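Subject: Structure for you to look at

Hello,

Here is the structure I said I would pass on. Please open it beside this message; my notes follow below.

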Amino acid sequence: MKLPLLKGRPLALAASTLLAFAVNQASAYDLQNGNAPVELVISNVAPVIFQDISGSAGDATLVLRVTAQVTNAWYDASAPYHPTAVGVYSRIPNRPASESVDNENINIATLYASYQVLKVLLPQRLAEWRQILVDAGLDPDDNSTDLTSPIGIGNVAGAAVAEGRLNDGMNQTGWVNEDVHPQPYADYTGYEPKNTAYDLKRPSKWQPDVQRKGLGLYKVQQFVTPQYANVEPYSYDDPERFSVPWPANSFAPFKHRYKQQADEVLEASANLTEDQKLKAELFDNKIFSLGFSAVFAAQSRGLSLLEFIQLDFLTNMAAFDAGIFVWQEKAEYDGVRPFSAIQHIYGDQPVEGWGGPGEGTVTMPANQWRAYMEEADHPEYPSASSCFCAAHSQSARAFLGDDMLGFPVEYPAGSSRIEPGLTPAADTTIVFDTWTDFEQDCGQSRVWAGVHFQAAVDESLALCGDFGDMAYDYMQSLIDGTAPARGPSQPLNDPATYSNKKWW
């Protein structure tokens, strides 16, 4: 059984299609022949991510936390059904080959493992996580830990992943620095922006934007989860082993460089094409770009259920581990975004750029220029999306053995999120023939969209494939059974030891 329409569709259509599929298929779900991780788990979890974590799936740190842990749970629950594989957080004995000849045992184990992780990660949705098991004809109250049964294997594996990641540095419980009223995922590093949303005192540094959140409602940005830089990686030991060069072009005293990179963003904005708009929206949505491209690759190549789980966990792990490094560098350099630099350079002088939905290219005062996509809630350098895509693509290339992709994304006329009813003018299909095309367009889309300078993209693409290679090497050690066992992370005793680095 294949999930329909995974080859494409914009965000809103994708979410509604997944949800409709879950409702329509639940009563007759085929555990023996289906792919429960895709058809039951993704179809229910993706809409929740869109609603509870990020309306545009752009708040990547928490999106990746959910997807990495859920796919980790799938992997740990399926490992016993492989001849040699071991789990990341669970070391369950491998089952006889006769038990993995069809998908039923693997599907059951992954469903229970998903439940154990999701009820810890997103407990406010407990009723929906229970319903996933009910829809598959399973009992969510079956707490068996029998390691000869798929239910017991799933429960033990999922609980081990949830426990293993609970205190990994992300402040999931919210108790770090709080004696009462915990604040999950709150910053404990002491990060403070050098500029306010209303005063750019230091034009080399990040300025929080003021963003519209509803009719008459606005918010001032905060650096989302700066403590992500302190989170325990899967595939390497210490993010301080890696670095990107100092962003000299963003150093305001270097006036020529500072202006040149701002002018490059203005030029891209003034010449923004329909194709570039659609790609910018696609790559801003991490579920649809990263997540669905991996599912498509598995389906189009006819991977087995076990192989799909390995690929999906691998690509999520690669992006998750890459993000830890990116957040380290973002906190280190605290780089200014294009909108601040453009306003700083030109003030109320006229510039050309995208003039808003349906307006095309217009001449406007520079202090009224806006990016096509809203800036994410963190400093500019290096580009997180570019790094995620490079790590994701390289890990997939390594696992699949070549660069071929062929991922088509269909956009009905007028289905743009930014320019609804207007873009695209006609039904459009964008095809990413290779993983290289995918990662290159992902990076460039951040410049086209006006949210990154070129150097932030280039440096991420140059380095972040390494995280894909490290994730692949770690995955191979898990599959061949040589990976060392790892236990749960310990709670932070002294958050002060994790304070952000300071720079010029």
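Leaving aside residues up to four places away in sequence, alanine 73 touches Ala113, Ser114, Val117, Gly158 and Val161; contact means heavy atoms within 4.5 Å. This is a predicted model, in which local features need pLDDT of at least 70 and side-chain atom pairs count only at pLDDT 80 or more, while totals for chains, interfaces and linings use all residues. Residues are numbered from 1 along each chain as its sequence is written, and side-chain values use heavy atoms, without hydrogens and water.

Alanine 73 lies in helix 3 (residues 60-78); helices are DSSP runs of H or I with at least four residues, numbered from the N terminus. Alanine 73 counts as buried because its relative accessibility is 0% (buried means under 20% relative accessible area, with a 1.4 Å probe and protein chains only).

Next, a helix pair. Helix 2 (residues 36-53) packs against helix 9 (residues 286-300) at an angle of about 175°, with the axes 12 Å apart. The axes are lines fitted to C-alpha atoms over the stretch in contact, and angles run from 0 to 180 degrees between N-to-C directions. Helix 2 is therefore roughly antiparallel to helix 9 (an angle over 145 degrees). Val38, Ile42, Ala46, Ile49 and Phe50 of helix 2 meet Ile287, Phe292 and Val295 of helix 9.

On confidence: mean pLDDT, the predictor's confidence in each residue from 0 to 100, is 92 for the protein, and 91% of residues reach 70 or more. Over residues 1-26 the pLDDT is below 50.

Regards

Technical notes:
Helices (H or I, at least four residues) and strands (E, at least two) are DSSP runs, numbered from the N terminus. Angles under 35 degrees count as roughly parallel, over 145 as roughly antiparallel, 65 to 115 as roughly perpendicular and the rest as oblique. Buried means under 20% relative accessible area, exposed over 50%, partly exposed in between (1.4 Å probe, protein chains only).
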